[in-house]
Amino acid sequence: MKEIGKMLKEKREKLNLSLSDAHKATKVQEKYLKAIEGGDTTIFFADVYSKSFVRSYSKFLGFEPEEIINMINLKNKERALKEDPESKSIKEGNCKNQSDIKKLLIILGIVIAVILSIFILTFGGKVIKEAENSHDESYQELSSKQAENDTLEESANSNANNEEKNVLDKQESDIVLVEHEQQATPLNKQEVELVAKDTVWIRLDKDGKTVYEGNLGKGQRKVWKADKSFILKVGYAPGLRVFFNGKEVDITKNAVQDVNTIILE
């Protein structure tokens, strides 16, 4: 970020412009412009705001805003991939611990297998014999009960035929009632569809409750439904398309520094 800030500062000075001139043209406060040129991102509330200001400032200086943003993203990725010696040492230690745990689990598994084998050899024959005796007794008991069940079944079949007719009549009546209730119940569902044209931060409240807060990647699409309304806050309005109940909504209107909050109901 410092290299990019230095590049922006050199271009401004080459154009013989002051921070005050840049502020008047971009509406970005001088303290934020100074922070961008100095590579200081801690002053910004969120990454989405710093990128929004960088877009405005780089465009004012004659740069292609998306190229500058891509450079920032690349620098951030390169910085994240670098590991210091301490973290590398911790990682190696974790790998060693995981290897020791795997060895311990293998030994434990072998011990359990040996114990199970001894148990089966010692008690297995006795358990099988008892199971066979229990099976014979259960079979005899089931045979005697089967004869009783056959008699009861004949009587039950006669009653079931009469009950079945009554149930069918009741079901027809219930179906008519359910259909009437469904027709009388209105569906007041609201639907919002978000399609990201660029990486963009959003926060979405549905019926007064936050259901999503974070970044949508370029090309990502999400759909939510609500009973009453939505409140949508967008960090970079030009990077997002919004469809409410199938109709696209222009969220760039009344946006301040590409940041906007809209109510959909």
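Predicted model: local features only at pLDDT ≥ 70, side-chain atom pairs only at ≥ 80, totals over all residues.
1. **Overall layout.** The protein chain has six helices and eight strands. Of the 265 residues, 25% count as buried.

2. **Nonpolar surface patch.** Eight residues make up a nonpolar patch on the surface: Ile101, Leu105, Leu108, Ile112, Leu116, Phe119, Ile120 and Phe123. Together they carry about 820 Å² of accessible area. One of them, Leu105, sits in helix H6, which spans residues 85-184.

3. **Leu105 in detail.** Is Leu105 buried or exposed? Its relative accessible area is 54%. The cut-off for exposed is over 50%, so Leu105 counts as exposed.

4. **Strand E6 and its cover.** Strand E6 takes in residues 240-244. It is mostly covered, as four of its five residues are buried.

5. **Pairing of E6 with E1.** Strand E1 (residues 190-196) runs antiparallel to E6. Five bridges join the two strands. At one of these positions, Ala196 has Leu240 of E6 as its bridge partner.

6. **Pairing of E6 with E7.** E6 also pairs with strand E7, residues 247-249. This pair is antiparallel too, with three bridges. Phe244 has Lys247 of E7 as its bridge partner.

7. **The hairpin turn.** E6 and E7 form a hairpin with two residues between the strands. Which residue there takes a positive phi? Asn245 does, with a value near 50°.

8. **Largest pocket.** The largest pocket holds about 350 Å³ of space. Its lining has 19 residues. Closest to the centre are Arg55, Ile69, Asp198, Thr199 and Val200.

9. Val48 is in helix H4. Its relative accessible area is 11%. Buried means under 20%, so Val48 counts as buried. How far apart in space are Val48 and Thr199? Their C-alpha atoms are 9.2 Å apart, while the two residues are 151 residues apart in sequence. Thr199 is also among the residues closest to the centre of the largest pocket.

10. **Two residues side by side.** Val48 of helix H4 is buried at 11%. Leu105 of helix H6 is exposed at 54%. Leu105 belongs to the nonpolar patch on the surface.

Definitions and conventions: Residues numbered from 1 in each chain as written. Heavy atoms only, no water. Patch = residues over 30% accessible without salt bridge, like charges linked within 9 Å, V, L, I, M, F, W, Y side chains within 5 Å. Areas by Shrake-Rupley, 256 points an atom, 1.4 Å probe, with all protein chains shown as cover. Salt bridge = Lys/Arg side-chain N within 4 Å of Asp/Glu carboxyl O. Buried < 20%, exposed > 50% of the residue type's maximum accessible area, 1.4 Å probe, protein only. Pairing = 2+ DSSP bridges. 1 Å grid on protein atoms, 1.4 Å probe; cavity = no way out; pocket = protein on both sides within 12 Å on 5 of 7 lines; lining within 4 Å. Points joined across faces, edges and corners; volume = space filled by probe spheres on them.
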